[in-house]
Amino acid sequence: RSVCSLLTGTPFGQPSLVRNNLSNDSTPTAVAFGANQKRCVGDEAMEQPASNASNVVAFLPQRLGSGAAVTVSYGAGGAPEDFTMEHCLAMYLTALNSHAETQQ
């Protein structure tokens with residue numbers, strides 16, 4: 001299971017570890033897409049039920065640069081949409097960054 005930790009800090013200050021929304025030090029690099037254009041990242045994505053397994057994209061860093069897109073049911077009414085690995089990683093990092101900003 002691929003994980004990522006997020007460190008923040010001022011340019012000359014001490015970095016500090018930002019815990020995820022479940023208070024864990026590290027977060028699995030996964031994005032899950034759900035109905036009505038909802039998505040979740042990290043542990044929450046990895047805990048998706050088996051009925052949504054085809055809409056979970058995991059191990060993002062290892063899959064970067066493959067040029068492959070992933071098709072998930074994410075659009076209005078569950079319509080299929082294509083996302084690149086880079087786009088999925090951007091969604092993941094945006095969610096982590098937004099969580100870090102709420103902790104500071």
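Predicted model: local features only at pLDDT ≥ 70, side-chain atom pairs only at ≥ 80, totals over all residues.
Trainee: Which residues of helix H3 are buried?

Mentor: Met85, Cys88, Leu89, Met91, Tyr92, Leu96 and Ala100 are the buried ones in H3. Buried means under 20% relative accessible area, exposed over 50%, and partly exposed in between, with a 1.4 Å probe and protein chains only. Residues are numbered from 1 along each chain as its sequence is written, and side-chain values use heavy atoms, without hydrogens and water.

Trainee: How do you know what span is expected of H3?

Mentor: The expected span is 1.5 Å times one less than the number of residues. For the 19 residues of H3 that gives 27 Å, and the helix reaches 27 Å from its first C-alpha to its last, close to expectation.

Trainee: What makes the rings of Phe33 and Tyr74 a stacked or an edge-to-face pair?

Mentor: Rings of Phe, Tyr and Trp (its six-membered ring) pair if their centres lie within 6.5 Å; planes under 30 degrees apart are stacked, over 60 edge-to-face, and the rest tilted. Here the centres are 5.0 Å apart and the planes at 75 degrees, so the pair is edge-to-face. Phe33 sits in strand S5 (residues 30-33) and Tyr74 in the loop between S8 and S9, 41 residues apart.

Trainee: And how are Phe33 and Phe83 paired?

Mentor: Their centres are 5.0 Å apart with 5 degrees between the planes, and the pair is stacked. Phe33 lies in S5 and Phe83 in S9, so parts 50 residues apart in sequence are tied together. Ring pairs link Phe33, Tyr74 and Phe83 into a cluster.

Trainee: How do you know that S8 and S9 pair?

Mentor: Strands pair if DSSP finds at least two bridges between them. Five bridges join S8 (residues 69-73) to S9 (residues 80-84), and the two run antiparallel. Val72 stands opposite Glu81 in S9. Six residues lie between the strands of this hairpin, where Gly77 takes a positive phi near 70 degrees.

Terms used:
Helix = DSSP H or I, 4+ residues; strand = E, 2+ residues; numbered from the N terminus.
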